[in-house]
Amino acid sequence: MCMMHNPTSAAGLPEADRMGEKLAEPEKPLTMGIGRKVYSVHNHVGRLEPWAFYEARGPISPADPGPETAEELDLFMKCRGIEKTLIIPNYGIPIQEQPFGHNELVASLSQQGEGKVAGALWMSGLPRNRELTEGALRMLDRPNILAIKMSYLLGGTADPNQWDGQTLRQHETIFRAAIERDIPIHFHTSPGGGSDITGFFEIIKRWGKDLKIHLVHMGGGVSGHIRLLSQWRDLIEGGYNVYLDTSWAIGFAVRKLLQELDRTGIGVDRVMFGCDEPWSDFESEFWKIQGAKISDEIKERIFWGNAEAQYFSKLV
């Protein structure tokens with residue numbers, strides 16, 4: 001992504017130099033474009049503090065910082081040829097308050113986005129985050145806030161069968177707010193653990209006729225992809241409001257889904273492009289779609305048409 005931060009150590013050396021890494025050259029905005037209109041419905045903003053992940057001997061930053069100003073976000077988009085984007089708080093360290101801390105940034109950047117930026121606010125179904133979530137709910141009517149973001153990577157589970165009464169009530173409060181505003185909830189999916197796609201199938205079954213449910217990463221891995229693909233047609237024909245983006249999805253799953261869209265048209269209005277920067281990279285996510293042997297009409301829908309209908313037509 002565009003290099004927008006150059007933090008320095010106490011000794012005055014750039015952080016990357018201090019760690020023995022070579023600093024990347026700043027990228028320049030595209031001047032000739034990429035030959036296609038592209039909107040991304042999945043892009044993180046805000047800095048994520050270094051953390052001692054897994055077996056790391058000390059704090060590390062596995063991904064570049066997300067944009068933190070309107071100028072940085074605009075440069076990032078120009079460097080990728082992204083014309084419109086939906087932004088989400090950056091997250092990943094095990095501190096419950098951290099992603100909530102970026103909600104104000106999301107709201108501010110969405111309002112400053114000149115009709116090109118929509119926002120998704122972070123919320124949590126965990127009862128211990130009730131006050132933080134109540135604060136986020138009060139921000140939902142800010143300009144260009146058009147989605148809610150939830151993830152169980154920081155705790156809890158997507159399976160309603162495992163929720164206690166407090167957890168159920170908190171989820172229902174969030175779901176009701178989304179339904180009233182006709183906005184989707186972006187759920188992170190990944191195989192196993194609290195974010196396993198099987199839990200989301202239960203959420204879909206209970207609330208998916210009224211609630212728009214955006215399953216980020218298509219299940220998030222081989223098992224999740226296979227489970228989702230096996231039920232895709234039934235979900236759409238059953239009247240459930242399910243949406244996908246293809247970020248982080250493994251090649252076979254994207255190919256299979258696109259071929260089915262091209263062959264049957266079932267769910268053709270439900271799949272959108274997301275780059276998931278800075279955790280993924282725009283180029284590989286772009287070519288999953290661009291390089292597919294499908295009609296250009298389907299590509300146009302995925303790259304921008306569906307996102308325009310679902311999100312960006314509502315920008316002010």
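These legends accompany several close-up views of a predicted model.

**View 1. How confident is the predictor along the chain?** Let's start with a quick check of the model as a whole. Across the protein chain, pLDDT averages 92, and 92% of the residues score at least 70. Where pLDDT is low, predicted coordinates should not be read in detail.

**View 2. The second largest pocket.** This pocket has a volume of about 420 Å³. Its lining is made up of 17 residues, and those closest to the centre are Y91, G92, L153, W248 and W279. Sorted by class, the lining of the second largest pocket holds 10 nonpolar, 5 polar and 2 charged residues.

**View 3. The largest cavity.** Next comes a space from which the probe cannot get out. The model has 1 cavity of 30 Å³ or more, and the volume of the largest cavity is about 100 Å³. S124, G125, L126, S151 and G155 sit closest to its centre, out of 15 lining residues. What classes of residue line the largest cavity? The lining divides into 10 polar and 5 nonpolar residues, with no charged ones.

**View 4. Helix 5 packed with helix 6.** Two packed helices are described by the angle between their axes and the distance between the axes. Here helix 5 (residues 130-137) and helix 6 (residues 165-181) meet at an angle of about 5°, and their axes are 11 Å apart. Angles under 35 degrees count as roughly parallel, so helix 5 and helix 6 are roughly parallel to each other. On the helix 5 side, R130, T133 and L137 make the contact; helix 6 contributes Q170, T173, I174 and A177. By class, this contact has 3 nonpolar, 3 polar and 1 charged residues.

View 5. Most residues other than glycine have a negative phi, and most peptide bonds are trans. You will find D182 in the loop between helix 6 and strand 5 (185-188). P278 belongs to the loop that runs between strand 8 (271-272) and helix 10 (282-290).

Key. Residues are numbered from 1 along each chain as its sequence is written. This is a predicted model: local features need pLDDT of at least 70, side-chain atom pairs count only at pLDDT 80 or more; totals for chains, interfaces and linings use all residues. Side-chain values use heavy atoms; hydrogens and water are left out. On a 1 Å grid over the protein atoms alone, a cavity is a set of points where a 1.4 Å probe fits but cannot get out, and a pocket is an open set with protein on both sides within 12 Å along at least five of seven lines; lining residues have an atom within 4 Å of a point. Grid points are joined across faces, edges and corners, and a volume is the space filled by probe spheres set on the points. Ala, Val, Leu, Ile, Met, Phe, Trp, Tyr, Cys and Pro count as nonpolar, Asp, Glu, Lys and Arg as charged, and the others, Gly among them, as polar. Axes are lines fitted to C-alpha atoms, for helices over the stretch in contact, and angles run from 0 to 180 degrees between N-to-C directions. Helices (H or I, at least four residues) and strands (E, at least two) are DSSP runs, numbered from the N terminus. Angles under 35 degrees count as roughly parallel, over 145 as roughly antiparallel, 65 to 115 as roughly perpendicular and the rest as oblique. Contact means heavy atoms within 4.5 Å. pLDDT is the predictor's confidence in each residue, from 0 to 100.
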